[in-house]
Amino acid sequence: MAQPSVVDRVMLNAVSVDETAVTFEAVDSATPQQGFHHHIKWATGVTSGVVEVECADDADYAGTWAPMATVTFSGTAPKQDYVYTPGRPRAIRHRISTVVAGGATPSVSTRLVGAL
């Protein structure tokens, strides 16, 4: 059996509005998908914002991507949220769907971690 290929990639880096980051990974049918962890890091001072985790069959897909998870800021920043999504999507994106607001530097950073 082939060794899994590890994914550890920054998707969004200190952004607040209208940002989308996409990653595309080849799917090896001989390697079982173990799923992905999505790390969402909210900066100091953030008071609101929403990050969508979505998937599609192709990184260049121009239609509406399939929703996998919605991460809505709540609580006190700085803080981190984590979401796990199972499956073998061919393309995953992190998208800010509601502007990240509050504080002097409203921002969010996200990371995709998993194995193919």
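Predicted model: local features only at pLDDT ≥ 70, side-chain atom pairs only at ≥ 80, totals over all residues.
View 1. Beyond the neighbours within four places in sequence, His 38 is in contact (heavy atoms within 4.5 Å) with Val 53, Asp 81, Tyr 82, Val 83, Thr 85, Ile 92, His 94, Arg 111 and Leu 112. His 38 is buried, with a relative accessible area of 0%; buried means under 20%, exposed over 50% and partly exposed in between, with a 1.4 Å probe and protein chains only. The side chains of His 38 and His 94 are joined by a polar contact of 2.8 Å. A polar contact is a pair of N or O atoms within 3.5 Å; within protein, one must be able to donate a hydrogen and the other to accept it, and residues adjacent in sequence count only if both atoms are side-chain atoms.

Numbering starts from 1 along each chain as its sequence is written. Local features need pLDDT of at least 70 and side-chain atom pairs count only at pLDDT 80 or more, while totals for chains, interfaces and linings use all residues; side-chain values use heavy atoms, without hydrogens and water.

**View 2. The largest nonpolar core.** This core, a set of buried Ala, Val, Leu, Ile, Met, Phe, Trp, Tyr and Cys residues joined through side-chain atoms within 4.5 Å, has 21 residues. Val 46 and Val 108 are among those with the most contacts inside it. Strand β1 gives the largest share, 4 residues.

**View 3. Ala 14 in strand β1.** Strands are DSSP runs (E, at least two residues), numbered from the N terminus; β1 spans residues 6-15. Ala 14 and Ser 107 are 93 residues apart in sequence and 4.9 Å apart in space, C-alpha to C-alpha.
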